[in-house]
Amino acid sequence: MRRARAAVVREPGAPFTVLEVELEDPRPREVLVRMTAAGVCHTDLGIQAGWPRRLTPMVFGHEGAGRVEAVGAEVTGLVPGDTVCLTFASCGGCGQCTAGHPAYCDAARDLNLSGGRGDGSTPLRLDGAPLHGGFFGQSSFATYAVVHQRGVVRVPADLAPTLAAPLGCGGQTGAGTVLNRLRPEPGTSLVVLGAGGVGLSALM
Ligand SMILES: [Zn+2]
Ligand SMILES: [Zn+2]
């Protein structure tokens with residue numbers, strides 16, 4: 001167990017309250033990340049108001065960036081000290097994941113929106129009781145997060161954390177839509193409705 005501070009939402013619509021919490025050590029394929037920046041996506045705020053009461057108290061946050069502090073025994077490709085950003089969770093084994101489309105993972109709902117790892121457990125504790133987390137696989141509104149290795153992406157060490165963090169949701173949602181899906185031909189026009197993090201990433 002490790003002590004951390006997290007922005008806890010105690011019940012649907014309640015404010016983000018910074019509290020002392022506890023975090024389990026990483027499981028064999030999990031990574032402990034010390035957070036250095038976290039974006040606030042509109043989804044955090046929208047879901048905060050409508051999140052199921054049975055899954056509170058809850059830690060949100062899904063645009064985290066930080067440093068790897070520790071890795072589980074079976075983690076490959078990441079070592080302590082790596083600079084990383086975090087993204088959504090995916091299973092790695094379903095048809096969508098093996099076809100290279102983890103955003104459409106068959107287990108996406110359980111792994112990202114079940115209030116924990118998807119197996120009913122959560123790595124977080126508040127006052128000795130389970131604290132829901134695993135929001136988009138990360139719950140990055142905290143000083144530390146325990147994340148499955150599939151959601152951890154190494155980035156250049158000199159990339160500012162405030163730029164790395166939004167790559168985990170807004171950046172890839174906007175840029176990915178244009179680069180991977182719409183693929184506009186030279187000379188065609190692209191209309192972006194709304195210039196927040198997603199819209200501006202689409203534009204860039
Ligand atoms: Zn988001
Ligand atoms: Zn999958």
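On a 1 Å grid over the protein atoms alone, a pocket is an open set of points where a 1.4 Å probe fits, with protein on both sides within 12 Å along at least five of seven lines, and its lining residues have an atom within 4 Å of a point. In this predicted model, local features need pLDDT of at least 70 and side-chain atom pairs count only at pLDDT 80 or more, whereas totals for chains, interfaces and linings use all residues. Residues are numbered from 1 along each chain as its sequence is written, and side-chain values use heavy atoms, with hydrogens and water left out.

The second largest pocket is lined by 28 residues, and Glu 30, Leu 111, Arg 117, Val 147 and His 148 lie nearest its centre. Strand E9 (residues 144–148) gives the most to this lining, with five residues; strands (E, at least two residues) and helices (H or I, at least four) are DSSP runs, numbered from the N terminus.

In the largest pocket, 24 residues form the lining, and the closest to the centre are Phe 88, Ala 103, Tyr 104, Gln 172 and Thr 173. Helix H3 (108–113) and helix H5 (170–182) are the elements that give two or more residues to the lining of the largest pocket, and H5 gives the most, with eight residues. At least three residues of that lining come from each of domain 1 (2–158) and domain 2 (169–204), the bounds being those of an automatic or database domain assignment.

The table gives the volumes, each being the space filled by probe spheres set on the grid points, which are joined across faces, edges and corners.

| Pocket | Volume |
|---|---|
| Largest pocket | about 670 Å³ |
| Second largest pocket | about 440 Å³ |

With Ala, Val, Leu, Ile, Met, Phe, Trp, Tyr, Cys and Pro counted as nonpolar, Asp, Glu, Lys and Arg as charged, and the others, Gly among them, as polar, the lining of the largest pocket divides into eleven nonpolar, eleven polar and two charged residues. The lining of the second largest pocket has twelve nonpolar, ten polar and six charged residues.

Among the strands, which pair if DSSP finds at least two bridges between them, strand E3 (residues 30–38) and strand E5 (residues 64–71) are antiparallel partners over seven bridges, and Ala 38 has Gly 64 in E5 as its bridge partner.

Definitions and conventions. Chains lettered and ligands numbered in written order.
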